Amino acid sequence: MDDPAEAAHAQALKLLARREHTRSELALKLAQRGIDRQHADTALQRLVDAGYLSDTRYAQARVTELLRRRYGPLRAQADLRSHGVDSEVIDRVVDTEHPDWYAACRAAHAQKAGRQTTASLAERARQQRQLQARGFTSSQIRAALTNVTDDDA
């Protein structure tokens, strides 16, 4: 292809055909392939205008996947930031479109703890660390661990 803008567009489209990308991921990949920034920006804007490239759609799919894998909102936010998603999009998708992180935390806790009814202080601290590592907030963890206590009573 002689036209560098068309070559950039074709390369970006080829990358998008494999999986969903964010705009910044595609810009980085095009730069790694030696495509001029101006041509890359033009190609990416064409893809956005055509609806093939959307950071919001990427964020929605990624948060849904992380939720399915029982990760929390802090992990989802960090993951999206690492992929170059705008903080406004992150806040909207994580906080508004997936509001039931408490249920996700309870499900993650139930999966790890199983039917364990006794929770010593050490065991409870271990469970808390596991949920923190999965990206749940302190209030979500407290609610999940309290439910276990309420069920036991």
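A: A definition comes before the answer: buried means under 20% relative accessible area, exposed over 50%, and partly exposed in between, with a 1.4 Å probe and protein chains only. Helices (H or I, at least four residues) and strands (E, at least two) are DSSP runs, numbered from the N terminus. The model is a predicted one, in which local features need pLDDT of at least 70 and side-chain atom pairs count only at pLDDT 80 or more, while totals for chains, interfaces and linings use all residues. Residues are numbered from 1 along each chain as its sequence is written, and side-chain values use heavy atoms, with hydrogens and water left out.

Q: Which residues of H7 are buried?
A: Trp 101, Ala 104, Cys 105, Ala 108, His 109 and Ala 113 are the buried residues of H7. They cover an arc of only 155° around the axis, which puts them on the same side of H7. The arc is that of the directions from the helix axis to the C-beta atoms.

Q: What span should H7 have, and how far apart are its end C-alpha atoms?
A: Helix H7 covers residues 101-113, and its 13 residues should span 18 Å at 1.5 Å a residue; the end C-alpha atoms are 18 Å apart, which agrees. The expected span is 1.5 Å times one less than the number of residues.

Q: What follows H7?
A: Gly 114 follows H7, and its phi is positive, near 65°.

Q: Where else is phi positive, in a residue other than glycine?
A: Arg 70 has a phi near 65°, a positive value in a residue other than glycine. Arg 70 belongs to the loop between H4 and H5 and counts as partly exposed, at 29% relative accessibility.

Q: Changing topic to H2: which residues are buried there?
A: Glu 25, Leu 26 and Leu 30 are buried in H2. Seen down the axis of H2, the buried residues fall within an arc of 130°, so they line one face of the helix. Leu 28 and Gln 32 are exposed on the other side of H2.

Q: Why would residues three or four places apart point the same way?
A: An α-helix has 3.6 residues a turn, so residues at that spacing point the same way.

Q: Now the charged pairs. How many salt bridges are there in the whole structure?
A: A search of the whole structure finds eight salt bridges. The term denotes a side-chain nitrogen of Lys or Arg within 4 Å of a carboxyl oxygen of Asp or Glu.

Q: Which residue does Arg 57 meet in a salt bridge?
A: The side chain of Arg 57 meets that of Glu 20, at 3.1 Å from N to O. Arg 57 lies in helix H4 (residues 55-68) and Glu 20 in the loop between helix H1 (4-18) and helix H2 (23-32), so the pair ties together parts that are 37 residues apart in sequence.

Q: Are those two side chains buried or exposed, or in between?
A: Both are in between: Arg 57 counts as partly exposed at 31% relative accessibility, and Glu 20 is partly exposed with a relative accessible area of 27%.

Q: What about Arg 37 and Asp 41?
A: Their side chains meet in a salt bridge at 3.8 Å, N to O. Both residues lie in helix H3 (residues 37-50), four residues apart, about one turn of the helix. Arg 37 counts as exposed at 65% relative accessibility, whereas Asp 41 counts as partly exposed at 31%.

Q: And which residue pairs with Glu 97?
A: Glu 97 forms a salt bridge with Arg 92, and the closest N and O atoms are 4.0 Å apart. Glu 97 is partly exposed, with a relative accessible area of 33%, and Arg 92 is partly exposed, with a relative accessible area of 33%.

Q: Next, packing. At what angle do H5 and H6 pack?
A: Helix H5 (residues 73-82) and helix H6 (residues 87-97) pack at about 155°, with their axes 10 Å apart. Axes are lines fitted to C-alpha atoms, for helices over the stretch in contact, and angles run from 0 to 180 degrees between N-to-C directions. H5 and H6 are therefore roughly antiparallel to each other. Angles under 35 degrees count as roughly parallel, over 145 as roughly antiparallel, 65 to 115 as roughly perpendicular and the rest as oblique.

Q: How do H4 and H6 cross?
A: The axes of H4 and H6 come within 10 Å and cross at roughly 40°. That makes H4 oblique to H6.
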